[in-house]
Amino acid sequence: MTRFHARTAVLAASALLAGGCFDHAVPAGRDVVARTPAEAESLRDAVTFLDFHEAGLAAFPEGLGAYPRLRRLSVQGQKAAAAVPASVAEAKGLEELDLIATGLRDLPPEAASLPALRHLYLADNGLSALPAAVCGMKGLTYLNLDRNALAELPDAVGDLAGLKWVRLNGNKLSDLPATAANWKDVRRLYLRGNGLREVPAAILGMKSLEQIDLGENDLSEVPAALFELPRLHYVQLDGNPRLAALPDTVTNMPQLTHLFLHRTALGTNEQARLRAAYPNPVV
């Protein structure tokens, strides 16, 4: 398939952003940012964002409870900050925690008690197991676990019922636990580059799902129920070299805007069927 909707290229480029959270950017001028511990101290009563990704930290910052307006913390890329202390729970107003590429291996149980936490970034840490504390973060709406070494997720991830956006690209998953069906509010679910041979059954009940990325896996078929999800309009199936056909339900999606199928085994007749169903170049 070589024809694309005009917006496809834009969204595909956006998907390559390392943080993967372009919709969650804080409006300009809203944050008071400190980029070093010394600067944070000088702005103690006003700072809302400790952006320490280039701060050369000697350890994870302590005393977070002393910043009354703190909402966001990034220690991205700071290897010395891999050991998160129990005192992180002092940051009662923390909404966003970025621990990307720190070498993190675990989180203290106290981290689960952060009452305002909504966005958690754990990408690029080589995690082979999900820290247990994550499943206790019941307020999460965004979870980024891209490019780790996760072969499975615990059943307890089903407790994260408020999730709206889940990124699991570049892991070793062959399935999702049945409890993931509890993610009733999930709108975006990215599973590119795993070991999926079948579409996880838990996905087929996610009625709020709008975008799904199942590219770069080993799917040979896609269940009809996937294309019956009422809000699904953006589907990536590219890079599944054994995928030779799609179910009839794919041609009955008036809401479909993007369908990525390059580097699959779809033959000429199947391509013609899809183009006939969607005369506008969404495929």
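Guide: A word on terms before we look: a cavity here is a set of grid points where a 1.4 Å probe fits but cannot get out. Please keep in mind too that this is a predicted model.

Visitor: How many cavities of 30 Å³ or more does the structure hold?
Guide: The structure holds 1 cavity of that kind, the cut-off being 30 Å³ or more, and about 30 Å³ of space lies in the largest cavity.

Visitor: Which residues line the largest cavity, and are they nonpolar, polar or charged?
Guide: The lining consists of Leu 130, Leu 143, Leu 145, Leu 153, Val 157, Leu 160, Val 166 and Trp 183, and by class it divides into 8 nonpolar residues, with no polar and no charged ones.

Visitor: What does Trp 183 touch?
Guide: Leaving aside residues up to four places away in sequence, Trp 183 touches Val 157, Gly 158, Leu 160, Leu 163, Val 166, Leu 189 and Met 206. Trp 183 is also among the residues with the most contacts inside the largest nonpolar core, which has 76 residues. Apart from that core lies another, of 6 residues, including Ile 100, Tyr 121, Ala 123 and Trp 165.

Visitor: Switching to rings, how many aromatic pairs turn up in the whole structure?
Guide: A search of the whole structure finds 4 aromatic pairs. One of them joins Tyr 121 and Tyr 142 in a tilted arrangement, 5.1 Å centre to centre with 50° between the planes. Tyr 121 belongs to strand β5 (residues 119-121) and Tyr 142 to strand β6 (residues 142-144), so this pair ties together parts that are 21 residues apart in sequence.

Visitor: And how do the rings of Trp 165 and Tyr 190 sit?
Guide: Their centres are 6.2 Å apart and the planes lie at 80°, so the pair of Trp 165 and Tyr 190 is edge-to-face. Trp 165 is in strand β7 (residues 165-167) and Tyr 190 in strand β8 (residues 188-190), which links distant parts of the chain, 25 residues apart. Tyr 121, Tyr 142, Trp 165 and Tyr 190 form one aromatic cluster.

Visitor: Is Tyr 142 buried or exposed?
Guide: Tyr 142 counts as buried because its relative accessibility is 0%, under the 20% limit. Trp 165, at 3%, also counts as buried.

Visitor: Last one: where does Pro 85 lie, and what does Pro 85 touch?
Guide: Pro 85 lies in the loop between β3 (72-74) and β4 (96-98), and its contacts, not counting residues up to four places away in sequence, are Phe 60, Glu 62 and Pro 108.

Terms used. Residues are numbered from 1 along each chain as its sequence is written. This is a predicted model: local features need pLDDT of at least 70, side-chain atom pairs count only at pLDDT 80 or more; totals for chains, interfaces and linings use all residues. Side-chain values use heavy atoms; hydrogens and water are left out. Helices (H or I, at least four residues) and strands (E, at least two) are DSSP runs, numbered from the N terminus. Contact means heavy atoms within 4.5 Å. A nonpolar core is a set of buried Ala, Val, Leu, Ile, Met, Phe, Trp, Tyr and Cys residues joined through side-chain atoms within 4.5 Å. Buried means under 20% relative accessible area, exposed over 50%, partly exposed in between (1.4 Å probe, protein chains only). On a 1 Å grid over the protein atoms alone, a cavity is a set of points where a 1.4 Å probe fits but cannot get out, and a pocket is an open set with protein on both sides within 12 Å along at least five of seven lines; lining residues have an atom within 4 Å of a point. Grid points are joined across faces, edges and corners, and a volume is the space filled by probe spheres set on the points. Ala, Val, Leu, Ile, Met, Phe, Trp, Tyr, Cys and Pro count as nonpolar, Asp, Glu, Lys and Arg as charged, and the others, Gly among them, as polar. Rings of Phe, Tyr and Trp (its six-membered ring) pair if their centres lie within 6.5 Å; planes under 30 degrees apart count as stacked, over 60 as edge-to-face and the rest as tilted.
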